[in-house]
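Welcome! Take a moment to look over the model below, and then we can walk through it together.

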Amino acid sequence: MRIDVLSIFPSYFDGLTLSLLGKAQHAGIIDLRVHDLRAWTSDRHNTVDDTPYGGGAGMVMKPEPWGLALDEVTARSETASDAERPTIIFPSPAGEVFTQKTARSLATREHLVFGCGRYEGIDERVFEYAADLGEVRLISLGDYVLNGGEVATMAMIEAIGRLIPGVVGNPESLVEESHEDGLLEYPSYTKPASWRERSVPDILLSGNHGAIAAWRREQQFERTRKRRPDLLPDDETSQP
Ligand code: 6GU
(Lines give C-alpha, C1' and ligand atoms only; values in the text may rest on other atoms or scores of the structure.)
Protein backbone atom coordinates (compact mmCIF):
# COMPACT_ATOMS: atom_id res chain seq x y z
CA MET A 1 0.00 0.00 0.00
CA ARG A 2 1.17 3.50 -0.82
CA ILE A 3 0.38 6.27 1.68
CA ASP A 4 1.08 9.96 0.98
CA VAL A 5 0.75 12.49 3.79
CA LEU A 6 0.53 16.24 3.13
CA SER A 7 1.25 18.38 6.20
CA ILE A 8 2.95 21.60 7.27
CA PHE A 9 4.42 19.60 10.19
CA PRO A 10 5.99 16.56 8.50
CA SER A 11 8.17 15.72 11.51
CA TYR A 12 5.06 14.64 13.43
CA PHE A 13 5.26 11.47 11.37
CA ASP A 14 8.79 10.49 12.42
CA GLY A 15 7.19 8.17 14.98
CA LEU A 16 5.76 6.00 12.21
CA THR A 17 9.28 4.67 11.49
CA LEU A 18 9.19 2.90 14.88
CA SER A 19 7.96 -0.59 15.70
CA LEU A 20 5.70 -2.62 13.40
CA LEU A 21 4.88 0.18 10.97
CA GLY A 22 8.60 0.93 10.59
CA LYS A 23 9.33 -2.74 9.87
CA ALA A 24 6.49 -2.85 7.35
CA GLN A 25 8.10 0.06 5.50
CA HIS A 26 11.49 -1.66 5.45
CA ALA A 27 9.82 -4.84 4.20
CA GLY A 28 8.17 -2.88 1.37
CA ILE A 29 4.62 -3.65 2.56
CA ILE A 30 3.88 0.02 3.25
CA ASP A 31 5.34 2.80 1.09
CA LEU A 32 4.85 5.88 3.31
CA ARG A 33 5.74 9.26 1.81
CA VAL A 34 5.41 12.31 4.05
CA HIS A 35 5.50 15.67 2.28
CA ASP A 36 5.83 19.26 3.50
CA LEU A 37 2.90 21.17 1.99
CA ARG A 38 5.11 24.28 1.88
CA ALA A 39 7.12 22.62 -0.91
CA TRP A 40 4.21 23.63 -3.18
CA THR A 41 4.30 27.34 -2.26
CA SER A 42 6.24 29.83 -4.34
CA ASP A 43 6.23 33.07 -2.33
CA ARG A 44 9.14 34.15 -0.14
CA HIS A 45 7.37 33.25 3.11
CA ASN A 46 5.98 29.89 1.92
CA THR A 47 2.49 31.05 2.84
CA VAL A 48 -0.15 28.33 3.22
CA ASP A 49 -2.99 30.33 4.84
CA ASP A 50 -4.95 33.56 4.49
CA THR A 51 -7.87 35.39 6.09
CA PRO A 52 -11.40 34.00 5.56
CA TYR A 53 -13.76 35.61 3.01
CA GLY A 54 -16.80 36.86 4.90
CA GLY A 55 -14.77 37.48 8.04
CA GLY A 56 -14.45 35.44 11.19
CA ALA A 57 -11.77 34.09 13.47
CA GLY A 58 -8.63 32.27 12.40
CA MET A 59 -7.05 31.59 9.05
CA VAL A 60 -8.03 29.33 6.16
CA MET A 61 -5.60 27.21 4.17
CA LYS A 62 -5.11 28.58 0.65
CA PRO A 63 -6.18 26.31 -2.21
CA GLU A 64 -3.16 26.73 -4.52
CA PRO A 65 -0.54 24.68 -2.59
CA TRP A 66 -3.15 21.94 -1.99
CA GLY A 67 -4.02 21.78 -5.69
CA LEU A 68 -0.40 21.41 -6.77
CA ALA A 69 0.39 18.90 -4.01
CA LEU A 70 -2.66 16.75 -4.77
CA ASP A 71 -1.87 16.82 -8.51
CA GLU A 72 1.62 15.57 -7.83
CA VAL A 73 0.93 12.83 -5.29
CA THR A 74 -2.05 11.45 -7.24
CA ALA A 75 -0.32 11.54 -10.64
CA ARG A 76 -0.56 8.10 -12.23
CA SER A 77 2.77 6.62 -13.23
CA GLU A 78 3.18 5.28 -16.80
CA THR A 79 3.92 1.79 -15.49
CA ALA A 80 0.95 1.48 -13.10
CA SER A 81 -1.82 2.15 -15.61
CA ASP A 82 -4.25 -0.29 -13.96
CA ALA A 83 -3.95 1.29 -10.48
CA GLU A 84 -7.24 2.14 -8.76
CA ARG A 85 -8.17 5.73 -7.94
CA PRO A 86 -6.55 6.91 -4.72
CA THR A 87 -8.63 7.48 -1.59
CA ILE A 88 -8.05 11.05 -0.40
CA ILE A 89 -8.73 11.49 3.31
CA PHE A 90 -9.08 14.86 5.00
CA PRO A 91 -9.06 14.41 8.79
CA SER A 92 -11.74 16.69 10.17
CA PRO A 93 -13.87 16.89 13.32
CA ALA A 94 -16.72 17.58 10.86
CA GLY A 95 -16.25 14.23 9.10
CA GLU A 96 -17.76 10.74 9.45
CA VAL A 97 -16.50 8.92 12.55
CA PHE A 98 -13.54 6.56 12.12
CA THR A 99 -14.17 3.03 13.44
CA GLN A 100 -12.57 -0.40 13.10
CA LYS A 101 -14.91 -0.96 10.17
CA THR A 102 -13.51 2.17 8.45
CA ALA A 103 -9.99 0.89 9.12
CA ARG A 104 -10.81 -2.54 7.65
CA SER A 105 -12.23 -0.98 4.51
CA LEU A 106 -9.35 1.47 4.00
CA ALA A 107 -6.80 -1.33 4.56
CA THR A 108 -7.89 -2.85 1.22
CA ARG A 109 -7.01 0.27 -0.81
CA GLU A 110 -3.85 0.54 -2.92
CA HIS A 111 -3.22 4.25 -2.38
CA LEU A 112 -4.25 6.53 0.48
CA VAL A 113 -3.57 10.27 0.59
CA PHE A 114 -4.00 12.15 3.89
CA GLY A 115 -4.40 15.93 3.69
CA CYS A 116 -3.71 17.41 7.12
CA GLY A 117 -5.37 20.77 7.56
CA ARG A 118 -5.48 23.06 10.53
CA TYR A 119 -8.86 23.02 12.18
CA GLU A 120 -9.98 26.47 11.01
CA GLY A 121 -10.09 24.63 7.74
CA ILE A 122 -9.03 24.30 4.15
CA ASP A 123 -10.65 26.34 1.36
CA GLU A 124 -13.79 24.32 0.47
CA ARG A 125 -12.90 24.22 -3.23
CA VAL A 126 -9.97 21.89 -2.43
CA PHE A 127 -12.41 19.10 -1.44
CA GLU A 128 -14.36 19.56 -4.68
CA TYR A 129 -11.18 19.55 -6.74
CA ALA A 130 -9.83 16.47 -4.95
CA ALA A 131 -12.98 14.55 -5.94
CA ASP A 132 -11.73 14.69 -9.55
CA LEU A 133 -8.50 12.97 -8.48
CA GLY A 134 -9.83 10.25 -6.19
CA GLU A 135 -12.46 9.17 -3.69
CA VAL A 136 -12.65 11.93 -1.05
CA ARG A 137 -13.48 11.11 2.60
CA LEU A 138 -13.70 13.56 5.51
CA ILE A 139 -13.01 11.49 8.61
CA SER A 140 -13.13 12.37 12.32
CA LEU A 141 -11.60 10.46 15.23
CA GLY A 142 -14.48 11.39 17.52
CA ASP A 143 -16.38 14.25 19.06
CA TYR A 144 -13.58 16.49 20.29
CA VAL A 145 -11.28 19.00 18.60
CA LEU A 146 -7.57 18.65 17.85
CA ASN A 147 -5.38 21.48 16.59
CA GLY A 148 -4.81 19.86 13.22
CA GLY A 149 -5.07 16.65 11.25
CA GLU A 150 -1.60 15.30 12.06
CA VAL A 151 -2.34 13.33 15.23
CA ALA A 152 -5.59 12.02 13.71
CA THR A 153 -3.71 10.90 10.60
CA MET A 154 -1.14 9.05 12.68
CA ALA A 155 -3.89 7.24 14.57
CA MET A 156 -5.59 6.25 11.32
CA ILE A 157 -2.36 5.09 9.66
CA GLU A 158 -1.59 2.90 12.66
CA ALA A 159 -5.10 1.43 12.80
CA ILE A 160 -5.16 0.79 9.03
CA GLY A 161 -1.52 -0.29 8.68
CA ARG A 162 -1.73 -3.07 11.24
CA LEU A 163 -4.58 -4.68 9.27
CA ILE A 164 -2.47 -5.03 6.11
CA PRO A 165 -1.36 -8.66 5.73
CA GLY A 166 2.21 -9.14 6.96
CA VAL A 167 2.36 -6.04 9.18
CA VAL A 168 1.32 -7.78 12.41
CA GLY A 169 3.38 -10.98 12.76
CA ASN A 170 0.64 -13.21 14.18
CA PRO A 171 -2.65 -12.58 12.32
CA GLU A 172 -4.51 -14.39 15.13
CA SER A 173 -3.73 -11.50 17.45
CA LEU A 174 -5.90 -9.34 15.18
CA VAL A 175 -9.12 -11.29 15.64
CA GLU A 176 -9.24 -11.42 19.45
CA GLU A 177 -9.11 -7.66 19.95
CA SER A 178 -11.56 -5.03 21.09
CA HIS A 179 -13.94 -4.00 18.29
CA GLU A 180 -13.07 -6.83 15.89
CA ASP A 181 -16.16 -8.82 16.91
CA GLY A 182 -18.13 -5.77 18.04
CA LEU A 183 -17.27 -6.34 21.72
CA LEU A 184 -14.55 -5.12 24.07
CA GLU A 185 -11.62 -7.42 24.76
CA TYR A 186 -11.62 -9.91 27.67
CA PRO A 187 -9.16 -9.33 30.56
CA SER A 188 -5.64 -10.78 30.27
CA TYR A 189 -3.28 -12.09 32.97
CA THR A 190 0.28 -13.42 33.10
CA LYS A 191 2.61 -14.81 35.77
CA PRO A 192 2.83 -14.68 38.75
CA ALA A 193 -0.48 -16.43 39.59
CA SER A 194 -0.63 -14.38 42.79
CA TRP A 195 0.60 -10.75 42.95
CA ARG A 196 0.12 -8.36 45.89
CA GLU A 197 -2.67 -10.52 47.34
CA ARG A 198 -4.45 -10.59 43.98
CA SER A 199 -4.85 -13.91 42.21
CA VAL A 200 -5.54 -14.77 38.61
CA PRO A 201 -9.09 -16.16 38.12
CA ASP A 202 -8.98 -19.93 38.83
CA ILE A 203 -10.65 -20.81 35.55
CA LEU A 204 -7.60 -19.60 33.60
CA LEU A 205 -5.41 -22.12 35.48
CA SER A 206 -7.89 -25.00 34.97
CA GLY A 207 -6.66 -26.16 31.58
CA ASN A 208 -10.31 -26.49 30.50
CA HIS A 209 -10.18 -24.69 27.15
CA GLY A 210 -13.92 -24.82 26.52
CA ALA A 211 -14.70 -23.31 29.93
CA ILE A 212 -12.01 -20.67 29.44
CA ALA A 213 -13.46 -19.65 26.07
CA ALA A 214 -16.96 -19.40 27.58
CA TRP A 215 -15.67 -17.33 30.54
CA ARG A 216 -13.82 -14.94 28.24
CA ARG A 217 -16.91 -14.47 26.09
CA GLU A 218 -18.98 -13.68 29.20
CA GLN A 219 -16.34 -11.18 30.33
CA GLN A 220 -16.50 -9.51 26.92
CA PHE A 221 -20.26 -9.06 27.22
CA GLU A 222 -20.07 -7.88 30.83
CA ARG A 223 -17.45 -5.25 30.09
CA THR A 224 -19.19 -4.08 26.95
CA ARG A 225 -22.50 -3.80 28.85
CA LYS A 226 -20.80 -1.76 31.59
CA ARG A 227 -18.47 0.47 29.59
CA ARG A 228 -19.89 0.65 26.08
CA PRO A 229 -23.57 -0.36 26.02
CA ASP A 230 -23.89 1.60 22.77
CA LEU A 231 -21.95 -1.21 21.03
CA LEU A 232 -24.52 -3.90 21.94
CA PRO A 233 -27.69 -4.71 20.01
CA ASP A 234 -30.76 -3.51 21.99
CA ASP A 235 -31.77 -7.01 23.13
CA GLU A 236 -28.42 -7.62 24.83
CA THR A 237 -28.18 -4.41 26.91
CA SER A 238 -30.84 -5.22 29.51
CA GLN A 239 -29.51 -8.59 30.72
CA PRO A 240 -28.66 -8.79 34.47
CL1 6GU B 1 -9.73 14.04 12.24
N2 6GU B 1 -9.17 16.45 13.13
C3 6GU B 1 -9.21 17.42 14.05
N4 6GU B 1 -8.61 18.58 13.78
N5 6GU B 1 -9.82 17.29 15.21
C6 6GU B 1 -10.39 16.12 15.44
C7 6GU B 1 -10.38 15.07 14.53
C8 6GU B 1 -9.77 15.28 13.37
N9 6GU B 1 -11.05 14.03 15.05
C10 6GU B 1 -11.44 14.43 16.24
N11 6GU B 1 -11.06 15.69 16.49
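Proline 192 sits in the loop that links helix H6 (172–175) to strand S8 (194–195). Keep in mind as you look that this is a predicted model. Most peptide bonds are trans, and most residues other than glycine have a negative phi.

Asparagine 46 has a positive phi, near 50 degrees, although it is a residue other than glycine. Its place is the loop between strand S2 (31–36) and strand S3 (49–50). Glutamate 197 also has a positive phi, near 65 degrees, and is likewise a residue other than glycine. You will find glutamate 197 in the loop between S8 and strand S9 (198–199). Are these residues buried or exposed? Asparagine 46 is partly exposed, while glutamate 197 counts as exposed. The table puts their values side by side.

| Residue | Phi | Relative accessible area |
|---|---|---|
| Asparagine 46 | near 50 degrees | 30% |
| Glutamate 197 | near 65 degrees | 80% |

Next, have a look at helix H5, which runs over residues 150–161.

Now step back to the whole chain. It has seven helices and nine strands. Its C-alpha trace spans about 70 × 45 × 35 Å along the principal axes. The radius of gyration is 22 Å, whereas a compact globule of 240 residues would have one near 18 Å. Of the 240 residues, 38% count as buried. Among contacts with a separation of 6 or more, 74% come from residues 24 or more positions apart.

Finally, consider the surface and the charges. The accessible surface of the chain comes to about 14400 Å², and carbon and sulfur atoms make up 51% of it. The chain carries 25 positive and 38 negative side chains. The centres of these two sets lie 5 Å apart.

Technical notes:
Residues numbered from 1 in each chain as written. Heavy atoms only, no water. Helix = DSSP H or I, 4+ residues; strand = E, 2+ residues; numbered from the N terminus. Rg over C-alpha atoms; globule rule 2.2 N^0.38 Å. Buried < 20%, exposed > 50% of the residue type's maximum accessible area, 1.4 Å probe, protein only. Contact = heavy atoms within 4.5 Å. Areas by Shrake-Rupley, 256 points an atom, 1.4 Å probe, with all protein chains shown as cover. Lys, Arg positive; Asp, Glu negative; His and termini not counted. Charge placed at Lys NZ, Arg CZ, Asp CG, Glu CD. Expected span 1.5 Å × (residues − 1).
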